[in-house]
Amino acid sequence: MPEPTPALAARNLTRRFGGVVAVDDVSLEVRHGQIHALIGPNGAGKSTLINLLAGELAPTSGTIALRGASMARARPHRLALLGVGRTFQRSNVFRNLSAFENCRLAAQARLPRAWALHERASRCDVSATAATQALAAVGLTARSDAPGEALSHGERRELEIAMCLATEPSVLLLDEPLAGMAAEESTRVLDLLRRLRPERAILLVEHDMDAVFAVADVITVMADGSVLASGTPEAVRNDATVREAYLGEPIGSP
Amino acid sequence: MNAARRFLPLLALIALAVLPALAGKFYVELVAKIMIMAVFAMSLDLLVGVTGLVSLGHAAFFGLASYVVALAAPDPYTAANLWTSLPLAVAASAVLAFAIGALALRTRGVYFIMVTLALSQMVYFVFHDTKVGGGSDGTYLYAKPEAKLGGWSLVNFGDSTQFYYAMLFLLLLVFVFLRVLLASRFGHALAGIRSNEQRMRALGFNTYVYKLAAFTLAGAIAGLAGYFAAVQFGFVNPDMLSWQQSANVLLMVILGGLGNLFGAIVGAFAFILLEDLFSSLTKHWLLLMGGFVIMAVMLLPGGLTRAGDAWHAWRAHDA
């Protein structure tokens, strides 16, 4: 049973860029133990919404609450420390660091005493353990020592997720984690999401409809900045306005 | 190549250690000056090469500490005590760097360059246009600070050789400190900010605080260099905190190679030795200097310390 207070709740979020309304009065709840998928055509405002939830952009109006506490104007690093982890649509890994070092640097964000200049970062056991676990979770252990720039596209997408996991987030905001992945890699990431689900709240922005309908507990459909429909996969699949937005194609049909 | 990389710094250190026994007073004083500038350049490398913050106002912190040497002295013929005036000078530079950094770090990229330039020029004009520290003429310091421990004189800054070894010690001290810092979690976070600041914020790093800490620390180390520059030169004037001085030290770091501290040291040596060489050849030495810098940047984009890599890349390309 999901808990009564949503892990992350957006109420009437609006974001304007000049005359363009990128996100228009969107309300959405992500609950602990759920995968909440966010779908919609390109330009629907999904990435803007993620950037609002992660604190990267400030909303023009509306509120965001983390476990019931208002996060008005919270900066990205503050939200990250409070447990909101995000991945980026474009792989955003440190190209000159190895996969392991990428994760260790990520884990380091949570450690106290960042000013202890005499302690070598490479000898930090806590962040090394977190990094090892995160790499194992996404199946990248064999590629630990490979530099970010030597990884394949799919491996970089997995490293994105591993870096996020290394910060031990309770809320995950995943911006198209499967984009450009091979089928085998996608399956592995979907399995990972299922394993992560019981302990976390997950917001998944994704274009791969088969994947979305396979893992999501709740689906929200956006178009032109506002919410078109929201509900269980079954309800969304049968929603007339959603079918229209997707040009009449039946979506996510088995 | 790897062996050379390991042994070259060691050979350079040995050469520096024996130089006063082999060279005359002129070169001992010149190399002492270069080592002071190398400390200054390393402090800027912490910003430009490590953190990715291009500051064009770094001389303000160097020059302010120089002025503290003059202002802390009771009169031009009596020097201030080293143990009080040095901490005072470094603290003054750190406070100024904190204040300028707090404002400038709210901007990014080319705006950051402009804001650091503008704020440091304000400091320049305070010393240039008011009577503080002798106005545009500056002040002479006829006495050197005394470094006494108990009743015993630790080092006599008036003696070229003793001053030289004190500066060699300072250079090593700052180099080792910064190398340890780069290997620490703080240093890794700074490197992460240079590489991808948005990513660091998303991971939970308060990048503004990290950058401000680096900026303040770099200012304090620049102050350390500025203090000893004033002690060696025996005078202070507004040129020491001018934007030309900021540009020169930036050139040293770029010339030597960014981000590894060795480059800052090599760049300081190359820059000042060439300045000395070219100015002995012709009055129009700035033309030669400019030509050299352009050639170096074109042919060795990684700086003098990465000349080996550039050579291998060129050979591989040719083959």
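Trainee: What should I know before I start?

Mentor: Residues are numbered from 1 along each chain as its sequence is written, while chains are lettered from A and ligands numbered from 1 in the order in which they are written. The model is predicted: local features need pLDDT of at least 70, side-chain atom pairs count only at pLDDT 80 or more, and totals for chains, interfaces and linings use all residues.

Trainee: How many helices and strands are there in chain A?

Mentor: Helices (H or I, at least four residues) and strands (E, at least two) are DSSP runs, numbered from the N terminus. Chain A has nine helices and 10 strands.

Trainee: What is the radius of gyration of chain A?

Mentor: The radius of gyration is taken over C-alpha atoms, and the globule rule is 2.2 Å times the number of residues to the power 0.38. For 254 residues, a compact globule would come near 18 Å; chain A has 18 Å, which agrees. The C-alpha trace of chain A spans about 60 × 40 × 40 Å along its principal axes.

Trainee: What share of chain A is buried?

Mentor: A residue is buried if 20 or more other C-beta atoms lie within 10 Å of its own, exposed if 12 or fewer, and partly exposed in between; the C-beta atoms are placed from the backbone. In chain A, 47% of the 254 residues are buried.

Trainee: Which strands form the open sheet in chain A, and in what order?

Mentor: Strands of a sheet pair through backbone hydrogen bonds, either parallel or antiparallel. Two strands count as paired if DSSP finds at least two bridges between them. In chain A, four strands form an open sheet in the order β2-β1-β4-β5, with antiparallel pairing. β2 and β5 of chain A stand at the edges with a single partner strand each, so one side of each has no neighbour in the sheet.

Trainee: How many bridges join β1(A) and β2(A)?

Mentor: Strand β1 (residues 8-17) of chain A pairs with β2(A) over seven bridges, in the antiparallel sense. Within this pair, A:Leu13 stands opposite A:Val26 in β2(A). The hairpin of β1(A) and β2(A) has two residues between the strands, and A:Gly18 takes a positive phi near 60° there.

Trainee: Is β3(A) covered on both faces or open on one?

Mentor: In a regular strand the side chains alternate between the two faces of the sheet. Both faces of β3(A) are covered: A:Ile35, A:Ala37 and A:Ile39 are buried on one side, and A:His36 and A:Leu38 on the other. Five of the five residues of strand β3 (residues 35-39) of chain A are buried, so the strand is largely enclosed by the rest of the structure.

Trainee: Which strands run parallel to β3(A)?

Mentor: Four bridges join β3(A) to strand β8 (residues 201-205) of chain A, in parallel, and A:His36 stands opposite A:Leu203 in β8(A). Four bridges also join β3(A) to strand β9 (residues 218-223) of chain A, again in parallel; here A:Leu38 stands opposite A:Thr220 in β9(A).

Trainee: How is chain A divided into domains?

Mentor: Domain bounds come from an automatic or database domain assignment. Chain A is divided into domain 1 (1-83 + 171-177 + 201-249) and domain 2 (92-168). The C-alpha centres of these two domains of chain A lie 27 Å apart.

Trainee: How many residues of chain B are in contact with chain A?

Mentor: Two residues are in contact if their C-beta atoms, placed from the backbone, lie within 7 Å. By that rule, 20 residues of chain B are in contact with 27 residues of chain A. On the side of chain B that touches chain A, α7(B) gives the most, with seven residues.
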